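Let's take a walk through a protein model together, one piece at a time.

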Amino acid sequence: MEHITLPPATAARGDIKLPGSKSISNRVLLLAALSKKGEVTRVRDVLDSDDTRVMLDALNVLGVQVKQIAEHDYDVTGTGGDFPNKNADLFMGNAGTAIRPLTAVLALQKGTYHLHGVPRMHERPIGDLIDALQQIGVQVEYKGHAGYPPFVLSPAQLPDGDLSLSIKGNVSSQFLTAVLMAAPLLNRRVTIHVVGELISKPYIEITLNLMARFGVQVTRDGWSSFTIEAGAAYGSPKDIYVEGDASSASYFLALGALGGGPLRVTGVGLSSIQGDVKFANALQLMGANVMMGENWIEVRGIENGQLRGIELDCNHIPDAAMTLATAALFAQGTTKLTNIASWRVKETDRLSAMATELRKVGATVEEGADYIVITPPAADGWRHAHIDTYDDHRMAMCFSLVALSAVGVTINDPKCVGKTFPTYFEVLSGLLS
């Protein structure tokens, strides 16, 4: 198995420009494709990664005109919400940010579409989204296990008049995002009711913000219901920039705390629309010296010499919270991260994977259904470990923090970072000393 060994480092400092956000990149590419027919949107700073390539490839297969004009910039020509290709086989890899919204949009295209992916994608639930769409006449045939890809979408049989549907909010916010983004294609009043607790609310804020940038306003009743009026339609903003990836920022901010800094990331800051930017606040709670501007965040070590363990509800930063779990290895006292059940349905079962790998380096770990408790190793209890990454980019990047221990770390299958940050380890090596 391919691996990379990170020898013990004592300092981390420097400046980096973040790659574009995966969540924003894929939302914007799809919204640009759904914009008024013939309108061209220039999408700048698109993330170059496995997941965005999945979306770009899918749009090409569907007949959308997409032209790359620079390394990270694309011109996307709107289709008026009506994709030219009405019969397509789409390989979605393991890209949740692509398959979920595309499923809702394709269900309304009056075509036949086969969606499938890698084996792990076929283990990631999509049933709650399908169940919601079936309430308004969407036709779906599962080709494997019910509730999971692969599946075939057939032309929907929509009822007349205004539409109302309910969707569960406690598994993935991407399901609600998918229905919200597809709703304007129905050209009638649509009300979406959320059943139960909605997790990862900041990702819905991203969706609503971007829909507004493309001309669609959503009326909401808190987090319980959302309404899109008849006549709503996407229009091109002509030119739109993708923010840096706030989840990716978390690794560098933690490195700046553990390695003394100063370490500055550019691309996210006080003006960011991403919820994971609040990781900086969590790091401050642990004792890090954090400063922020409109488009940057900088960390200069730890206020009192060592991070301190915290207890935190992480519903608002589900992806970045993983970095807190590895930062907890360096803290004084125990850290408890709660409300993270969504970790179990990501690229891997991240709760189980994180517990297993934290134990390898010497931590004591308690894993619950929706929480994790980490007690760091004693000073002489650290072990050099070969960290398995489970084909999960965030596992690889999180455990790179262990390079700042006295034992270093070996990361198996480091190329899995290609999902969101293909050059991560090259960037990291330029910051550590």
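**A guided look at the fold**

The model you are looking at is a predicted one. Begin with an open sheet of 4 strands, whose order is 6-7-9-8 and whose pairing is mixed. Strand 6 (87-91) and strand 8 (139-142) stand at the edges of this sheet. Each of these two has a single partner strand, so one side of each is left without a neighbour in the sheet. On average, neighbouring strands here are turned by 15° against each other, ignoring direction.

What holds strands together in general? Strands of a sheet pair through backbone hydrogen bonds, and the pairing is either parallel or antiparallel. In which sense do strand 6 and strand 7 pair? Strand 6 pairs with strand 7 (residues 112-116) in the parallel sense, over 5 bridges. To find this pairing in the view, look for A88, which stands opposite Y113 in strand 7.

Now let's turn to a pair of helices. Two packed helices are described by the angle between their axes and the distance between the axes. For helix 1 (residues 22-34) and helix 6 (residues 201-213), the axes come within 11 Å and cross at roughly 35°. This crossing of helix 1 and helix 6 is right-handed. On the side of helix 1, the contact is made by S23, I24, R27, V28 and L31, and on the side of helix 6 by Y203, I206, T207, L210 and M211. Sorted by class, the contact has 7 nonpolar, 2 polar and 1 charged residues.

V242 is found in the loop between strand 14 (239-241) and helix 7 (246-258). Is V242 buried or exposed? Its relative accessibility is 5%, and under 20% counts as buried, so V242 is buried.

Finally, have a look at the cysteines. How many disulfides does the structure hold? The count is 0. C398 is in no disulfide, and the nearest cysteine sulfur, that of C416, is 11 Å away. A disulfide needs two cysteine sulfur atoms within 2.5 Å. C416 is in no disulfide either. C398 is buried, at 0% relative accessibility, and C416 is buried too, with a relative accessible area of 6%.

Technical notes
Residues numbered from 1 in each chain as written. Predicted model: local features only at pLDDT ≥ 70, side-chain atom pairs only at ≥ 80, totals over all residues. Heavy atoms only, no water. Pairing = 2+ DSSP bridges. Axes fitted to C-alpha atoms, helices over the stretch in contact; angles between N-to-C directions. Left-handed = near helix turned anticlockwise from the far one by under 90°. Contact = heavy atoms within 4.5 Å. Nonpolar A, V, L, I, M, F, W, Y, C, P; charged D, E, K, R; others polar. Buried < 20%, exposed > 50% of the residue type's maximum accessible area, 1.4 Å probe, protein only.
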